[in-house]
Structure formats: C-alpha cells, structure tokens
Amino acid sequence: MIKKLKIGVIGCSQIAENSVIPAIKKSEFSELQHIGSRSNQKGEKFAKKFYCKNFGDYNDVLDDEETDLVYISLPVSLHEKWAIKAMKSGKHVLCEKSSTISFESAKKMIKNAKENNVRLMEGLMFKFHPSHSKIIELVNNKKIGKAFSFYGRYGFPPISKKNIRYNKKLGGGILNDAACYPISASRLIFQNDPKSVYCSFNMEPKTMIDEQVSLNLEYENNQSAQIVCGYNLLYQNFYSIWGEKGSIKLERAYNIPPKMKPVLTLETNKGGNKQKLQSANHFVLMIDKFCNQINKNEKRINFEKDLIIQAKILEAARISAKKNRIIKLSEIL
C-alpha cells in the first residue's frame, strides 16, 4: 500500500501555483495538507483553488502535526530561516532553487537536517526529466567519443525591475535564479563536480543585482563547462555537449512544459539527426522521487550532498566575480 506524504506549502509563489502544487496533487505519493502565506487572503485563495482545507501563516504549516514534508517557495534569502524551522519541527524539506544565498547558510541547513533526522532536497526539478537520462546514455556509450565540453544558455526577455529577481536583499540576480540550472546540468552530464570556477557579472546599475553572468567551470579529465545566462536577452533554453566524434544538443533543457517533447540533435562524422524525446512532467517526477526517498522505497540518493556542492559552486562564482580570478572549490571551506 502506498503511503502518501502530506505536504505543507510555505509561500504562495508563481511556481508553487503553476507547477509544484499541481504536481503535489497529481503525484500518487503525496497529498496537499496545508497552505501557508504571509497574506491570509492569498492563502485562502490558494486553498480554494487547490481544494485544501487548511491554510494560514507559515507557522501554522509547521504546527500542523499531520504535515510530513514542507515545500518552501520563498525568496532565496528566506530559505535558511524557514527550512531550519521546518526541520526543527520534524518536517522533511523540499526547498526551491537556489537553496541559499551563501555556502555558510547551506552548511547550517545540512547540519539541521542531520540533527533532526529529516531529508532535505533542492528543487532543481529539471534533473528528473527523462531527456537527460537519454543524453547521459549517449555520452556513456561513446556516441560522441570522449565528451570535451558542455555549453549552456538560459536567458530571458526583459522583466519588471519591481520583480523580486531584481531585489538584492531577497537574493535576486541571475546566478541564483537561473544559472543554477546549467551549472547543475553540467554536473549531471559529466557525472562529476568541477574543480574550479571563473565568473563575471554584468550588474544592473540601479538594483546592483547580477543581470547577466558568464561562467567557466573546469572539471577533471580536461573537461569544461561554459555557461551564459541573463535577463534582457532573447529567450534561450538549451545545452550542448561537444566530443571527439560528435556533439549533442538538447533544446528546451531546463524548464520543460509537461506536454512538450524536447528536441535532441545528434551530430557525428557520419551525419546528424534530430529526434523528439518523450514528454514528462518533471515536477511530478521530482515529488515522486523525494517521497519515495523519504519512505525508503528505493536506494538512497544523497540529495543533501548535491545541495551543499551546488551551494559551494555558487559561492565560488560569487567570490570569483568579486575578486576577478579563478576560484578552486577546495578554497571554499
């Protein structure tokens, strides 16, 4: 018999409304237990929309003894506070990306997860889409020979300067908001973690957030990743892998609508071909996976380690941009 985990939501964000709460409702391993919002009016609106009988403020979600797992969908600068409060309440935590604004903050979150014997996962939902497994299979089978480089772009047309993405105090900026995706994707494809990071920012002069970012990640075995992300750009959402004998490109790589079939292009010395891959709801797959991990229905995946390494890479990027030099991950303690 499937044990459904009861999930409380902290934060009535757009991604919560459009993607994650619907995924919680669709998953056979979870059910929506409680909605928490700063605004009672907004909390009630969400509760009615998603047929959830319980709503209130953030603490009400944590005080609900029936809640097993808390999904935190707040500005990045608030993640640490509410993740730790949730874990101290005995709740498992699914935290929106990026998990924190600093490596020190991530370490505190990991420490609390261990102390309270709960699971903690960063909500990089794209990793659960089957398109990436297909690409890893092609790379592992040497369809393009030894993989040499990863190149990823993720960029957006202009958005309002009033958006929280332009609020420095709330953890705004393109690094936290979007560059985390291709960084994570390069780790996924190379099945390793980078040794060093070089990063440069284009800062928005009024808000002083990183509006565009360029990154170079150096891996073992002479492999590297080049990443470019930003606001005020033509929309871009892809990555490619270049190897000795060919290349692979995945178009619509990071935020893939449930009914969309991503396009994979494989080019080798013998020619090239395009194919549409299967569609999938990666939000539902993420919820399924985390619930099954909590219920110990499958071999343990170390989501906590993944979160802390991702936070270390982002920290190295911030330091690199500030000091204008390559930062080795071994420098981040």
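**From the core to the sheet**

Modeller: The largest nonpolar core has 104 residues, and among these Phe150, Leu215 and Tyr239 touch the most other members. A nonpolar core is here a set of buried Ala, Val, Leu, Ile, Met, Phe, Trp, Tyr and Cys residues joined through side-chain atoms within 4.5 Å, and buried means under 20% relative accessible area, with exposed over 50% and partly exposed in between (1.4 Å probe, protein chains only). Helix H7, residues 174-190, gives the most to this core, with 10 residues; helices (H or I, at least four residues) and strands (E, at least two) are DSSP runs, numbered from the N terminus.

This is a predicted model, in which local features need pLDDT of at least 70 and side-chain atom pairs count only at pLDDT 80 or more, while totals for chains, interfaces and linings use all residues. Residues are numbered from 1 along each chain as its sequence is written, and side-chain values use heavy atoms, leaving out hydrogens and water.

Now to the sheet itself. Six strands form an open sheet with parallel pairing, in the order S3-S2-S1-S4-S5-S6, where two strands pair if DSSP finds at least two bridges between them. Strand S3 (55-56) and strand S6 (120-123) are the edge strands, each pairing on one side only. Four bridges join S6 in the parallel sense to strand S5, residues 92-96, and glutamate 96 has glycine 123 in S6 as its bridge partner.

Helix H1 (residues 14-26) packs on this sheet, where it touches strand S1 (5-10), strand S2 (30-36), strand S4 (69-72) and S5, and its direction makes about 145 degrees with that of S2. Contact means heavy atoms within 4.5 Å, and the axes are lines fitted to C-alpha atoms, for helices over the stretch in contact, with angles running from 0 to 180 degrees between N-to-C directions.

Helix H4 (residues 79-88) lies across S1, S4, S5 and S6, and runs at about 165 degrees to S5. Its buried residues are His79, Trp82, Ala83, Ile84, Ala86 and Met87. An α-helix has 3.6 residues a turn, so residues three or four places apart point the same way. The buried residues of H4 pack against S1, S4, S5 and S6, and also against helix H3 (58-63) and helix H5 (103-115). Just after H4, glycine 90 takes a positive phi of about 85 degrees.
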